[in-house]
Amino acid sequence: MTSRPASPYERLAVVLSDEFNDREVGFTGLLTGSAAALFGTAIPLVAMQLAKLRHAPRLTILLAGCYHNPDFRELDCLPDSEHSAQLRDLPCEAQMLGYPGPWALKRGDVSFGFSSGVQVDQAGNLNSVCIGPHDRPMVRLVGPILQPEHMSMFGREFIMMPSHEPRNIVGQVDFISGVGYPGGLEGRRGLGLRRGGPELIVTPKCIFEFDKVLGHARVRSIHPNVTASELRAATGFDLGDLSKVPATRDPDDVELQLIRQVIDPRGILLPH
Amino acid sequence: MNARSSKVVSLCEAASTIKDGCRLTLGGFAVYQKPMALVRELARQARKDLVIVGAAHSFDVDMLCAAGCLKRIETSYVGLERFGLARNFRRLAEKGGIEIVDYPELISLDRFRADQEGLEFWPVEGLGGNDVIRFNAEIKEITCPVSGRLLHAVPAAKPDVVVIHAIAADEEGNVVIPARRLFPQSADITFSRACDHVIVTAEKIVPRSFIKRHARLVEIPSYRVNAVVEVPFGSHPTPTLGRYIADDQHMAEYVEASGAEVRFTRYLERYVHSPQTHFDYLDLLGSRRLTSLQDLDSLQ
């Protein structure tokens with residue numbers, strides 16, 4: 001079978017799926033808007049399903065943080081409402097009916113999560129509150145929502161950025177609503193943060209990992225068809241030497257087949 | 001039933017007990033089950049300087065921003081989920097016209113747990129380094145007396161009034177929350193236990209016999225409730241779980257209008273100031289629209 005080449009979204013789902021371990025609990029919010037929903041919700045869901053099929057059968061998926069291991073075959077479209085009748089009626093293994101609920105967040109029940117913001121910076125700090133001064137912002141955004149909890153109480157965080165431009169990937173965020181590694185892991189400990197923090201930043205152009213001692217993001221891989229100079233031009237901080245950075249890996253045929261025929265045969269999660 | 005034990009009042013009477021400048025909690029969560037009929041009544045009565053203290057907000061806060069009712073808001077989110085940013089709120093914030101105190105989502109609910117426990121604060125971990133504490137002098141750094149760990153004391157919510165919208169209550173204020181509930185309905189229970197002035201708007205006022213058949217679902221007993229208002233479609237355009245779904249068409253009309261101040265003034269005139277009563281508002285929407293929103297839920 002010669003398959004069509006991997007789409008950019010399939011590539012990201014496959015790369016992410018390598019990051020999850022058996023018996024972990026993965027939390028994805030429900031983002032809306034086409035690019036945000038793809039990066040924040042659909043790619044993580046496909047990645048977790050793929051991990052379950054391949055190497056992590058007992059991974060628990062929390063859709064919108066509430067719906068445990070939902071049956072995606074029953075979906076007619078990607079859900080866009082967190083607490084609606086549609087999700088109430090979607091078959092799953094457990095629902096979160098209130099807070100405190102089934103997971104003990106502050107004890108560390110959630111192994112990893114996915115979040116997004118308008119800005120992320122070199123230290124991995126995330127912002128969804130405002131651009132400009134807090135008391136007189138140029139742009140007021142929605143607020144911190146669950147970002148503070150994602151970045152301090154979950155085991156690790158995958159930051160999903162639907163746009164990679166100098167205004168999104170910045171030297172320093174305007175408001176820290178999710179704490180990265182100011183001063184590295186040592187810095188986090190000094191702030192009373194005992195666990196968690198960003199693991200990767202996933203963008204349409206590259207994947208960042210962290211030097212957690214220095215507390216700096218560094219490019220782990222560059223997606224095919226993106227040049228090093230394009231990446232530098234699109235990023236608001238210095239990327240250092242990119243000459244030894246590999247290309248983001250291609251999915252293999254088995255992975256593509258699982259995504260296209262088992263996980264998302266109707267193309268509800270990822271556009272073909 | 002003894003008429004004197006009835007707590008049933010009109011929407012107008014209920015809203016008039018919410019005074020200018022008070023700390024008000026509006027139930028529901030984000031775009032779900034918001035007490036919108038009461039919100040429209042507050043706008044109609046031109047309430048001033050309210051301080052909204054809550055967990056996640058949307059059309060409720062956005063409308064009150066446009067109507068000039070708010071001074072300050074303490075919450076984790078003001079947005080319209082799949083309809084994007086809350087545009088009236090955004091405009092007011094960018095003019096410096098409202099004081100915004102940002103709280104993390106679950107910690108915003110911990111504040112109500114503190115009220116419920118009769119405490120002045122709730123201790124939390126994980127706020128170090130977050131700008132949420134840089135802009136909020138009311139959150140204090142503390143040391144855990146047992147472990148010595150760095151924690152933060154988050155102030156109790158201390159609402160003066162809590163308003164929630166429920167599917168059913170009796171005249172005395174016994175409130176039924178369905179078994180097939182989700183996060184927003186549970187948040188309402190938490191809010192209702194955090195305050196001594198609780199107003200319940202209900203889809204239907206039910207007889208005592210109905211309450212007795214559903215005693216296990218009466219999460220809010222009558223002695224916690226001060227006033228009950230019968231308001232069918234009282235959360236419109238947001239949904240009431242088990243009764244009706246979101247009115248996407250109306251939300252789109254709202255969002256379109258909220259794109260510019262002058263357009264939203266016309267929206268307020270048409271849907272808030274012109275209708276004399278909540279039923280006039282429902283008539284404006286029409287039976288075809290309202291009946292199309294039914295949520296059949298499970299039949300077993």
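Strand β6 (residues 119-121) of chain A pairs with β11(A) in the parallel sense, over two bridges. Helices (H or I, at least four residues) and strands (E, at least two) are DSSP runs, numbered from the N terminus, and two strands count as paired if DSSP finds at least two bridges between them. The model is a predicted one, in which local features need pLDDT of at least 70 and side-chain atom pairs count only at pLDDT 80 or more, while totals for chains, interfaces and linings use all residues. Residues are numbered from 1 along each chain as its sequence is written, with chains lettered from A and ligands numbered from 1 in the order in which they are written.

Back to that strand pair: within it, Asp121(A) has Val170(A) of β11(A) as its bridge partner. The sheet here is an open one of three strands, in the order β7-β6-β11 (chain A), and the pairing is mixed. β7 (126-127) and β11 (169-170) of chain A take the edges with a single partner strand each, so one side of each has no neighbour in the sheet.

Elsewhere in chain A, strands β13 (residues 206-211) and β14 (residues 216-222) run antiparallel and are joined by six bridges.

Helix α7 (residues 253-263) of chain A has a buried set made up of Glu255(A), Leu256(A), Ile259(A) and Ile263(A). They span an arc of only 110 degrees around the axis, which places them on the same side of α7(A); the arc is that of the directions from the helix axis to the C-beta atoms. Here, buried means 20 or more other C-beta atoms within 10 Å of the residue's own, exposed means 12 or fewer, and partly exposed is in between, with C-beta atoms placed from the backbone. The other side of α7(A) carries the exposed residues Asp253(A), Val254(A), Gln261(A) and Val262(A). As for packing, the buried residues of α7(A) go against α1 and α2 (34-54) of chain A.

Tyr99(A) and Pro100(A) are joined by a cis peptide bond with omega of about -5 degrees, and Pro100(A) has its place in the loop between β4 (94-95) and β5 (112-115) of chain A. Arg23(A), a residue other than glycine, has a positive phi near 70 degrees. Arg23(A) belongs to the loop between α1 (8-17) and β1 (25-28) of chain A and is exposed, with 10 other C-beta atoms within 10 Å.

Turning to chain B, the count is twelve helices and twelve strands. Its C-alpha atoms fill a box of roughly 60 × 50 × 35 Å along the principal axes. For 300 residues, a compact globule would have a radius of gyration near 19 Å, and chain B agrees with its 19 Å; the radius is taken over C-alpha atoms, and the globule rule is 2.2 Å times the number of residues to the power 0.38. Buried residues account for 53% of the 300 in chain B. Of the contacts in chain B with a separation of 6 or more, 75% come from residues 24 or more positions apart, a contact being two residues whose C-beta atoms, placed from the backbone, lie within 7 Å.

In helix α9 (residues 248-258) of chain B, the buried residues are Met251(B), Tyr254(B), Ala257(B) and Ser258(B). Their arc around the axis is only 125 degrees, so they lie on the same side of α9(B). Their cover includes α3 (59-66), α4 and α10 (261-273) of chain B. The loop between β12 (227-230) and α9 of chain B holds Pro237(B), and the peptide bond from His236(B) to Pro237(B) is cis, with omega near 10 degrees.

Finally, the two chains meet with 40 residues of chain B in contact with 38 residues of chain A. On the chain B side, α4 (87-94), α5 (105-116), α6 (131-134) and α7 (183-192) each supply at least two of the residues that touch chain A.
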